[in-house]
Amino acid sequence: MNISLNFVKRYVDLPADLTPAQIAYDLTMRTVEVEDVINTADKFHHIVVGEIKEVKKHPNADSLTICMVDVGDGEIHQIVCGGSNLTAGHKVCVSVPGAEVYWHGEGEPVLIKESKLRGEPSYGMICGATEVFLEDMYPPKSEREIVDFTELGVECEVGQSVADVAGLADIILEVDNKSLTNRPDLWGHYGVARELAAIYQVPFKALPVEKPEGLPEYEVEVKAGEYCPRFTATKIENVYVKESPDWMKTLITNAGMRPINALVDITNFVMLAVGQPSHAYDSTHVVGDKIIVRSASKGEKLILLDDLDLDLEDGDVVICDSEKPLNLAGIKGGKYDSILDDTVNVILEMADFSASGIRKTSRRFDEKTDASMRYEKGIDTQRIDTGLTMALSLFKEIYPECRFTAYNDVIVTETQNAVIDVTQEFLDIRLGKVLAQDEIEDILKRLGYEVSFENGVYHCVAPTWRSTGDVSMRDDVLGDIARLLGYEYFEAKPLPVNFEHSVKQVDKELARNLREYLAFRCGFNEIFTYPWIDEKFIKAARIDMDNCVRLATPPAPELATLRSSLIPGMLDAIDRNIHYFDSFNIFEAAQVFEKGEYHPSSEEETLPIHKNLLTGVRVGQDAKKLFFEVKGVIEGISGYCHCEPLGFKQKVKPSWADEKVWLNITCDKKVIGSIGLISVAALTDSGIKRTQAAAFELDTKMLKAYPSRTNEFKHLPQFPLVDLDFSILVPEEVTWNDIHEAVKFMVKEVKFVEEYRGEQVPAGKKSIMFSVKIGNDDSTMTGKQIEKKQKGIFSVLTKKLHAEVR
């Protein structure tokens, strides 16, 4: 937000010795963060008023003119100009050497130097409005028109800075909007002036409040009272479209907006002044001479001023006449019912709308306006009185012949003053200083509070402009006292810190260990994707869209769905990378979202269900190798990341996986994820061809981290180990895990080699080859011991799994 000090000074007389830098510092330390201080006169350096003494034709160019110009330095200078409205005796805008202007209003600034144009010397440049930042103040009728102050009726002196002539010599304070979020009263210069008056203890020029009286009632019906607590309509006749006075155009320009015409500028000026948005309708287009505030019906249409054609939904609040919507309430006016070139009578709307309703509609239609930004912060209903009084006063000043012919003020609910009791003891403890009663009362009264003190308690009634959410508890009153005193007033005191024991966050360590394990030991690259995902990849992964959370205002139509799994994002990443790499490994650890209710801090805060998932993909050509490599990655998690062991079962097939090649990941007998080959259909629907991919996905919150490292040191074997290979036939339903569990206690190590089916293998069976290491802890194994161990292994496999030796 831009704050114009010239605008602010209409409502407060600041101390004469204050510098802009000091004002910016004091505002930052006590109220809002000022990011920059800009002197608008700086860009007008070397741009002055010149008087044309003589005009003559250029001897070498029909489109150029030679002017003899007085710029106030005691000499008459020759300037070559292509302007179409050059007149001797008139005062014009001249850029002398050293100025920076925009040539024909385009490109980068050009430094003006003495030069020659078609053989004739030219001292400077007689400028058009677009070349010297004056297009908003003096809109040109043609490209060749120069700024003629005499023709415009602007009083000025030769040599005077154009910034002073146009009223554009101002100091602008650029304020960070985020620091204004909880201060709706500061979204107008009047509120900023009130704050500065409190800071510097100078008188504040409060604006009068006068409601129109004795006027016929203009018909207003508020059907959406929960969204519109107050609505006023004033009919004003005998007006017309014309330019605003220069003083108004100057203040509007300096505050960061563009002057349009007097009727529109009055509404914008009031908003910039007191922070109260308003809107003017051409009354001839208001059917039935009646205003209705209601919720839209699904399917209704509204074309806005920016030509955006809206399809309205139930719940969108609109301002209507007897037949149609006129205005998207509190956001933007309609194209055909606002101020037009032939407007002669207007209906002036000055209303209040609920912050939540405006925020919801604004986001849904992606319409962020100066009005909606103010309503979203929460405006008190009483501000309408100040804004309406100012608006009607401006109409009378700019249109002396205008008449107010009807008025209505519909109040559904009024903003109530926040009432807070604060004890002296509370202030003494929290401030760290004991302040006198009169000092506390003085500070609060400067900020608009009504204060009384009795039995050690301050009874504080906050002003309505601070009672829409800004001030609601005793800590807010404390904050007002502290900031107005100045935080530099308080001495910094170190906090006592006693370190009694270290904090071990095993869940955070596990999350980091998982990332490091995948990146350092398994050769994966970590990726980061957006939480919204293209529906193409969600559908490719066969994920149920009904369980997905959708965004009301997505970044793009196809990105309206939040991810409920990381697999669709992996498919997108594979599609993006497969053109550059034949094989690669990627993983992501991130949140996903599902429909449901999740209360992170209180019952009032309801969010979708959040889950933390870890998903990885290996991409290559050998499907079998990829699957077992991914399985090995999961098997290694427990040992390297210090969590409970993970197992595998086939219970529920993941939607994205191949019909046969998949497993569920289990922890403590609970399914926490899945691994599998990504199905050919999922790859094909994602646009991925001629490649294979194996993936895993697990819920990291269901992993159980050990409280400390569980690694045990084991000596290397002191005696040689013996390698034995086994090839056995087992029934089809026997898994490798069954074999592993059967023999692992009889050997030092067991390792899968291969699985085989073929002509030599009987139907209903499969061949499994595996190897083991056996050995003694106290001696080298003899031949008899080896033979005995081998027979023992065969015996166990035969009894438990009905295995046969091949």
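This is a predicted model: local features need pLDDT of at least 70, side-chain atom pairs count only at pLDDT 80 or more; totals for chains, interfaces and linings use all residues.
User: What radius of gyration does the chain have, beside that of a compact globule of 806 residues?

Analyst: The C-alpha trace spans about 125 × 90 × 60 Å along its principal axes. A compact globule of 806 residues would have a radius of gyration near 28 Å. For the chain, the value is 39 Å.

User: What percentage of the residues of the chain count as buried?

Analyst: A residue counts as buried when its relative accessible area is under 20%. The accessible surface of the chain comes to about 40,500 Å², and 49% of that surface belongs to carbon and sulfur atoms. Among the 806 residues, the share that counts as buried is 49%.

User: In what order do the four strands of the open sheet stand?

Analyst: The chain contains 21 helices and 39 strands. Four of the strands form an open sheet with antiparallel pairing. Their order is β37-β38-β36-β39.

User: Which strands stand at the edges of this sheet, and why is one side of each left without a neighbour?

Analyst: An edge strand here has a single partner strand, so one of its sides has no neighbour in the sheet. This applies to residues 749-756 and to residues 804-805. The strands in question are β37 and β39.

User: Which residue of β38 is the bridge partner of S727?

Analyst: Strand β36 covers residues 722-731 and strand β38 covers residues 765-774. The two strands pair in the antiparallel sense over 10 bridges. In β38, the bridge partner of S727 is M769.

User: Which helix lies across β36, β38 and β39?

Analyst: Helix α20, residues 736-743, lies across β36, β37 and β38 and runs at about 150° to β37. The other helix comprises residues 783-801 and runs at about 20° to β36. The helix that lies across β36, β38 and β39 is therefore α21.

User: Is H802 buried or exposed?

Analyst: H802 lies in the loop between α21 and β39. A residue counts as exposed when its relative accessible area is over 50%. Because H802 has 56% relative accessibility, it counts as exposed.

User: What distance separates the C-alpha atoms of H802 and P731?

Analyst: Leaving aside residues up to four places away in sequence, H802 touches L729, P731, K765 and L797. Along the chain, H802 and P731 are 71 residues apart. Their C-alpha atoms are separated by 7.5 Å.

Key
Residues are numbered from 1 along each chain as its sequence is written. Side-chain values use heavy atoms; hydrogens and water are left out. Two strands pair if DSSP finds at least two bridges between them. Contact means heavy atoms within 4.5 Å. Axes are lines fitted to C-alpha atoms, for helices over the stretch in contact, and angles run from 0 to 180 degrees between N-to-C directions. Buried means under 20% relative accessible area, exposed over 50%, partly exposed in between (1.4 Å probe, protein chains only). The radius of gyration is taken over C-alpha atoms; the globule rule is 2.2 Å times the number of residues to the power 0.38. Accessible areas come from the Shrake-Rupley method with a 1.4 Å probe; for residues, only the protein chains shown count as cover.
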